[in-house]
Amino acid sequence: MPVVIIPAYKPDKTLVTITDQLWAYGCQIIVIDDGSGQEYGHIFKKVEDVCIVLKHSENCGKGAAIKTALSYIKKEMWDSGMAGIMDCDGQHLPEDMMKLLEAAGKHRKTLILGVRDVGVEMPLKSRLGNLVTGAVFKLVAGEKVSDTQTGLRAFDPELIPRLLSVEGERYEYEMNMLMAFAKEKIPMEEVPVHTIYRDKNNSNSHFRKVKDSARIYKDILKFTLSSFSSFVLDYLLFSLLMIFMPHTAIYALFANIAARMASAFYNYSMNCRFVFHTNRSVKTTVHYFALAGFILAMNNLILEMFVQVFRVSVYPAKLLTECILFILSGLVQNLVIFRKEKCLPCNLFVGGKAKL
């Protein structure tokens, strides 16, 4: 029997409608009251007859709520069928959830994503956010996901230990899940679903625009800032050296190598400590500087081509060269050099009241 996880924070009667429909479809349902407070107790009371209700004493976040349910499934429902996650606010239809659960049964050990049509039905700010996030996700993770912000997902229970080890307690958990699966080459499949919003401002969402956006894009921003600051350092050192040298190909080559070496040491240290949180090792050092050597060779070839062949001034030529090689460097670092081989599962189960 499939099981559906529904994290809920200050829900309205829509939750009752969703759970009744899922029950009619033959699903087991786990609802997590994520610290909604006593004034919402009557809503959770109404769903107790058809749901397992787990409670957080305070608001811990969507990611924490999902992990509470995943831990409960792992501990108490080891013989369950496919598992799914959906929101409580009516943005996801139960029939779409069933489509994803069916797809999960056909594609084992695969994360199934319910992707919405990023068109006129979606509010403009959500549409733009999804398009930008999708482009950046493709750049950083090397995988294409049509709807990175979807909360409608289904998966084989065998993936639960990996899902529990994904970092994040709030909205960033869903993005971190995609990043982790893309990096580790865990398959992800997309299933088209309905696009539903209560109004153009999506007023039924508890998403905090600034704080939660910062959490979601934290890892992407850290990598981007690390790469950008390395580029700035490289460009400034290159420009400083060229102030004192003739603007010829040989001197531009020397300045480029010196600047690149300094920025490479800086970038490697930043990525180890702040972006990928890995200790420096012989393996990552060798791989990183092998990549740096290749990028340097390509950098010099492209730079010389701009200067000698296309007669571009040395400063814009350097800028164009760095932009061309940024994508290549980012993909190799994410998918090869700093790829995590093993992830230890963490037990984040929060005991709560449950009615079977």
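Mentor: Patches are made of residues with over 30% relative accessible area and no salt bridge, with like charges joined within 9 Å and nonpolar side chains (Val, Leu, Ile, Met, Phe, Trp, Tyr) joined within 5 Å. A salt bridge is a side-chain nitrogen of Lys or Arg within 4 Å of a carboxyl oxygen of Asp or Glu. Accessible areas come from the Shrake-Rupley method with a 1.4 Å probe, and for residues only the protein chains shown count as cover. This is a predicted model, in which local features need pLDDT of at least 70 and side-chain atom pairs count only at pLDDT 80 or more, whereas totals for chains, interfaces and linings use all residues. Residues are numbered from 1 along each chain as its sequence is written, and side-chain values use heavy atoms, without hydrogens and water.

Trainee: Which residues make the nonpolar surface patch?

Mentor: F228, V232 and L236 make this patch of about 280 Å². V232 belongs to helix α9 (residues 218-243); helices (H or I, at least four residues) and strands (E, at least two) are DSSP runs, numbered from the N terminus.

Trainee: Why is V232 called partly exposed?

Mentor: Buried means under 20% relative accessible area, exposed over 50%, and partly exposed in between. V232 has 30% relative accessibility and therefore counts as partly exposed.

Trainee: What makes Y72 buried?

Mentor: Its relative accessible area is 9%, so Y72 is buried. Y72 is found in helix α3 (residues 62-76), and its C-alpha atom is separated by 9.0 Å from that of L54, 18 residues apart along the chain.

Trainee: How do you know that strand β5 is mostly covered?

Mentor: Five of the five residues of β5 (residues 111-115) are buried. L111, L113 and V115 point one way, I112 and G114 the other way, and all are buried.

Trainee: What makes β5 and β6 a pair?

Mentor: Two strands pair if DSSP finds at least two bridges between them. β5 and strand β6 (residues 153-155) have two bridges, in the antiparallel sense, with L113 opposite R153. Five bridges join β5 to strand β7 (residues 188-192), and these two run parallel; here G114 stands opposite V191.

Technical notes:
Buried means under 20% relative accessible area, exposed over 50%, partly exposed in between (1.4 Å probe, protein chains only).
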